[in-house]
Amino acid sequence: MTGWIDRRLRARGDRGAILVFALIIVTTVALVVGVVLTRGGGSLKATVALRGVAGASYAADSAANIAINNLRNGYGFSPADAQLAFNNNPSDGLGCFGHNSGVTGDTDNLILNGFYPAAGSFGPSSAYVHCSAQGGTGQQGPAVTITKDNKAAYALITLGGSITNTAGSPLKVHGGVYSNNAITGPVALDLGDAHAVNSCTDTTVVAPAVKDCNNHTPYVDPNYAADIASAPALVPLPTSCTGNVAVFSPGYYDDVVALNAAVRLCSASWFKPGTYYFDFHNGCVGSADYCPANVFPGRSGNDANVWVIPDGKPVIGGQRAGVFATSSQVVMTEVNGNDYMGPGNCVSPLTDTSALGVQFIFGADSQMHLEKTASMELCGSYHTDKAPIELFGLQASTPGVSTPSLTSETRDISHGGSVISSGAFVNADVAHLRPGGAGATWTRGGTTGTPPGTCCGTLDASDVTLTKGDGTFTPGTKAAALPILRANGTGSVLWSTGNSGASKTGSLLLEGFAPSAAVPSDPSLTVSSAKLSMAHYEPVGGSASVRLVVSGSGTATWTPPSWPSGQTPASNQISITGADLTSLQAFIRANGYTKATVTYSLRGGTAAADPYRVGQVKLELSLAWDGQSGDTTGGTTTLKVDGFAPSTSVPAGAILTGATVHVDHSESVTAGSSGSVTLGVGGWSYTSPTITPSTSLTTENLVVPVASLNALQSQIHANGYTKASVAYTAKAAAGTTTTLKSITLELKYYLPVLRAQSGCVTAPLAGGGCSFLWTDSDHGNNKVSLYMQGTTYVPKADVNLTLSNFGAQVLKFGLIARQMEFNINNGNPRYTGPVFQIPDNTFTTGFVSSVVQLEVHLCLGESTVSTDCKARAPALTSRVQFYDPTGVPVPFARQVTPLSWNHTR
C-alpha cells in the first residue's frame with residue numbers, strides 16, 4: 001500500500017505549482033491595494049473636512065475682527081455715523097453697532113452678508129454677530145475704580161482704644177470694623193466683618209459676614225505716608241473776601257487764634273486743593289522758646305490749640321463743585337422747612353478720577369472742633385494706589401517727622417554779601433572783612449585844635465545898654481538894672497511912657513552870654529539844643545520883639561534865619577529848632593562861638609500904673625565837639641556791609657530766639673574814639689549802645705535786647721530770613737587809626753518741622769487727654785454737618801462724634817484712629833445711613849472702559865444670513881475691552897484689548 005502511494009506521488013511531479021504561487025501573490029497584492037485605497041479615501045475625506053473647519057475658523061475670526069473694528073472706529077460701514085462710538089450708555093439709544101445694521105431695535109447685532117469669499121466647495125459665506133455689553137462697564141460702570149489698593153481695609157479701625165457707642169440706637173457701618181480693644185454698645189454692619197481683640201457683644205453683621213469677638217490678633221497700623229515729608233513754608237491768612245469767600249492756600253499754619261478769626265471773616269471758607277500742615281503754637285507743647293508769646297497769642301488748657309469750625313460759616317476743602325463752584329453758596333438740603341448744608345461742595349474721589357482734594361495734616365496737640373451748627377466738607381484726591389486721605393495725624397513713624405532742634409549759626413559778609421559803602425575805610429572788601437582777613441582801617445586826618453569838650457549850659461549877660469527913648473526905665477542905671485536882668489535875677493526892669501501913644505519906643509541891649517572858654521570851630525561840633533528865655537510883660541496896646549545875634553571868631557555873626565529882625569516873645573521861652581538849629585550848628589562849626597547879644601525892643605505908650613516888665617534873661621546852649629579841625633569826615637565815618645545769609649533756607653514760620661553781632665575792632669587812641677553798630681533785617685533795624693574803644697583787638701558781643709528782638713522775631717516768622725546788613729559807625733580823634741577786623745552775625749532759631757501728634761491728643765481721656773476731632777456735644781440740639789470725602793487717618797488720636805437733631809455726619813472712606821466715641825444725644829439726625837463707610841470694590845476702570853461679549857454665528861456657504869443661521873450655536877465667542885483715555889469715545893483713538901477668544905469645536 002505504501003508503495004502505491006509513493007508511486008502516485010512520483011507520477012504527478014511539479015506541474016501547476018507556479019499557478020499556486022501566482023494566485024497567492026495576486027491575492028496578497030489585492031488585499032494590500034484594497035487596504036491602501038481604503039485608507040487613502042479616508043485621508044482625503046479628512047483633508048476635505050479639515051479644510052472646512054479651517055475655513056469656518058477663519059471666517060469666524062474675520063467676522064469678529066470686523067465687529068471689533070466697527071466698535072473701535074465708531075462708524076462701521078457708515079461714515080456718517082462716525083461719532084456714534086458705543087460706550088454702553090443706555091440713554092443715547094445706541095446699541096453696540098449704532099445704526100449700522102439698519103434694523104430698528106436690533107442695533108446690538110451686525111449682519112455680514114456674503115462677507116467671506118467662496119472657498120473650495122463652499123460659496124460665499126455670511127455671519128451674524130451678536131454683541132452684549134457687560135453690566136457695570138462704560139457709562140453703566142462706576143465713575144472710579146475702587147480696589148483694596150486705594151481704600152482702607154475696614155470702614156472703622158481703632159488701633160489702641162475701644163469703639164464706644166453710648167447711644168441707644170446702633171452706630172451704622174458699611175464695610176467692616178476692627179478694634180484692637182473692644183466694641184462697646186450697639187454697632188450694626190450692613191456689609192463686612194466685625195473683629196475685636198476683646199468683646200463685641202452688641203455688634204451685628206449680615207451673613208455671610210462674620211463676627212469675631214475676643215480675637216487676640218491686633219490689626220496692624222497700615223502706616224500711611226503723608227503727602228509731604230517736610231514742613232512747608234508759612235502762608236499768610238486771608239484778610240479780605242473773594243466773592244464773599246475766604247480763600248486759603250496750601251502751606252503751614254501755626255497760629256490758631258489768627259486761623260479762628262480768618263474762618264469767621266466771610267460767608268464761607270475755601271481751602272484750595274493741596275497739602276496743609278496745622279501745628280498750632282498758641283498753647284505751648286515742648287520748649288517755650290518754640291512758641292514765644294509775642295508771636296503767638298497765648299491760651300491755656302487743653303483747648304489752647306483748637307481750631308473751631310464756627311456756626312454758620314461753612315468750611316470746604318478741595319476742588320469746588322456744585323453751586324459753591326461759582327458762588328459763596330453751598331449745597332443745601334431742606335428738612336422740616338430748615339436748610340442745612342449737604343454734600344457735593346467739593347469734587348469727591350468717589351465720583352471723579354481727576355478729583356484734586358486736600359490733605360489736612362495735624363501735628364503736636366493741634367485739634368479741630370465743630371460748633372453747634374458748624375458745616376465742613378473735605379474731599380481727598382483720587383489715587384489708584386493709595387487711599388484718598390483728607391485728614392492725617394502725624395506719628396513718630398511718619399517719614400519726615402522730627403523734634404524741633406535749635407539751630408545756632410554764625411555768618412559773615414562772605415555768605416552772600418558785599419560792601420555797600422566803605423565810608424573813609426580803606427581795604428573795605430569781602431576778603432579783608434571776613435573772619436581771618438586783615439580787616440579794614442580808617443585813620444582820621446587833620447590837626448588837633450582844643451581838647452574835646454562841651455559847652456555851655458546857661459549863659460548870662462555881662463552888660464546892658466538902656467535906651468529909654470520915649471519912656472523911662474526903672475531902675476534907670478546899668479548897675480541897678482543888670483542884676484535884675486541876669487539869669488538868676490529877681491524882680492523886673494520897668495519901662496513906662498506915662499501916657500499912651502503907638503509911636504513911642506524904647507529898647508534895652510544885653511551883651512555877653514560868653515562861654516567860660518571859647519568854643520572852637522570844629523566840623524564835629526554838634527548843637528543839640530539852643531533856647532532864649534526871659535521873663536517879660538507887655539501891656540495892652542503895647543508890643544515887643546526880641547532879636548538874637550550870635551558872634552563867632554572875627555566879625556562873623558549869625559541871626560536865626562526865620563526871625564532875622566526879631567521875634568515876638570509869645571511866651572517866656574523861645575526855642576531854636578529845625579532849620580534854625582541846623583543853621584546855628586553850621587555857623588559855630590565854621591566860626592566857633594564867642595558871645596551873643598539880645599535886643600529887647602518896645603513900642604507903644606503905657607499908663608504909669610501899667611509899665612512894660614522884663615527880667616531874668618538867659619541863653620541856654622548845649623554844644624559838644626571832639627577837638628578835631630581840618631578833617632572833612634566830621635570825626636565819624638560809616639562802613640556798611642550785607643550778607644550773613646543762612647546755610648540753609650530759613651522760611652516763614654521759623655522762630656528766632658536770639659541775635660548777636662560780633663565786632664572785632666581796635667583803636668590806636670582811645671581818647672575821643674568810639675563806635676556803634678546798626679543791624680538791619682528787612683524793614684527792622686537796631687542800633688547798639690556805644691562801643692568802648694580798645695587799643696588791642698577786642699571782640700564786642702552786641703546782643704540784641706528782648707525789646708528789639710521781639711519785632712525781629714515777628715518779622716522773620718512772617719517773612720523768613722535771607723540776609724542782613726550791618727553798619728559800623730566809628731568816631732575818632734585826630735590821627736587815630738580805627739581797625740575793623742570782622743563783623744559776624746550769630747542767629748539762633750528753630751526751623752518748622754513736622755511734629756508727631758502729642759500732648760493731650762495722644763494721652764488717655766481718663767488721664768487728662770483730649771479728643772483730636774470732636775463735634776459739639778454740649779448742646780442737645782446740635783446741627784453739625786460733617787462730610788469727609790476721604791480717609792481719616794489719625795492713628796494716635798481720639799475721635800468723638802455726636803449726632804443730634806437734624807445733624808448729618810458721614811466719613812465716606814473710613815476712619816483709622818486710636819479710639820472712637822459716638823453718641824446720638826437728642827432727636828432724629830437728618831442723615832440715617834452708615835456714619836462710617838468704605839466704598840465697594842469695582843472691577844473696571846470706570847466710565848473710560850466698556851466690555852462687550854461678541855458671539856459669531858457662521859453661515860458657511862450662505863450668501864445671506866438666514867433665520868436658521870441666527871439660531872445656530874456661535875462658532876466663536878470673545879470678550880473685548882474698549883478703553884477711552886479721556887472718558888469720551890473718539891474714533892481711531894480707542895484702545896482695544898481682547899480678554900478671551902474661544903472657537904466652538
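Student: How many aromatic pairs does a search of the whole structure find?

Tutor: This is a predicted model. A search through all of it turns up 26 aromatic pairs. One of them is Phe278 with Phe360, an edge-to-face pair with 5.1 Å from centre to centre and 75 degrees between the planes.

Student: Where in the chain do Phe278 and Phe360 lie?

Tutor: Phe278 is in strand β15 (residues 274-278) and Phe360 is in strand β20 (residues 358-362). They are 82 residues apart, so the pair links distant parts of the chain. Both Phe278 and Phe360 are buried. They also belong to one aromatic cluster, whose members include Tyr253, Trp307 and Phe772.

Student: Which rings does the charged end of Arg320 sit over?

Tutor: The charged end of Arg320 sits over the ring of Trp270, 4.9 Å from its centre. It also sits over the ring of Phe324, 4.3 Å from that ring's centre.

Student: What span should helix α7 have?

Tutor: Count 1.5 Å a residue: the 14 residues of α7 (residues 706-719) should span 20 Å. The end C-alpha atoms are 20 Å apart, which agrees.

Student: Which residues of α7 are buried, and what covers them?

Tutor: The buried residues are Leu709, Leu712, Gln713, Gln715, Ile716 and His717. What covers them includes the strands β41 (655-667), β42 (674-681) and β43 (684-687). Just after α7, Gly720 takes a positive phi of about 80 degrees.

Student: What is a disulfide, and how many are there here?

Tutor: A disulfide is a covalent bond between the sulfur atoms of two cysteines. The count here comes to seven disulfides. One of them joins Cys241 and Cys266, with sulfur atoms 1.9 Å apart. Cys241 lies in the loop between β11 (211-212) and β12 (245-248), and Cys266 in the loop between α3 (256-262) and β14 (268-271), so the bond ties together parts that are 25 residues apart in sequence.

Student: Is the disulfide of Cys241 and Cys266 left-handed or right-handed, and why?

Tutor: The torsion about its S-S bond is about -100 degrees, so it is left-handed. By contrast, the torsion for Cys760 and Cys770 is about 65 degrees, so that disulfide is right-handed.

Student: Are Cys241 and Cys266 buried or partly exposed?

Tutor: Cys241 is partly exposed, at a relative accessible area of 34%. Cys266 has 3% relative accessibility and counts as buried, because the cut-off for buried is under 20%.

Student: Where does the disulfide of Cys859 and Cys869 lie?

Tutor: The sulfur atoms of Cys859 and Cys869 are 1.7 Å apart. Cys859 is in strand β53 (residues 849-859) and Cys869 is in helix α8 (residues 867-871). Cys859 is buried, at 0% relative accessible area, and Cys869 is also buried at 0%.

Definitions and conventions:
Residues numbered from 1 in each chain as written. Predicted model: local features only at pLDDT ≥ 70, side-chain atom pairs only at ≥ 80, totals over all residues. Heavy atoms only, no water. Phe/Tyr/Trp six-rings, centres within 6.5 Å; stacked < 30°, edge-to-face > 60°. Helix = DSSP H or I, 4+ residues; strand = E, 2+ residues; numbered from the N terminus. Buried < 20%, exposed > 50% of the residue type's maximum accessible area, 1.4 Å probe, protein only. Lys NZ or Arg CZ within 6 Å of the ring centre and 35° of its normal. Expected span 1.5 Å × (residues − 1). Contact = heavy atoms within 4.5 Å. Disulfide = S-S within 2.5 Å.
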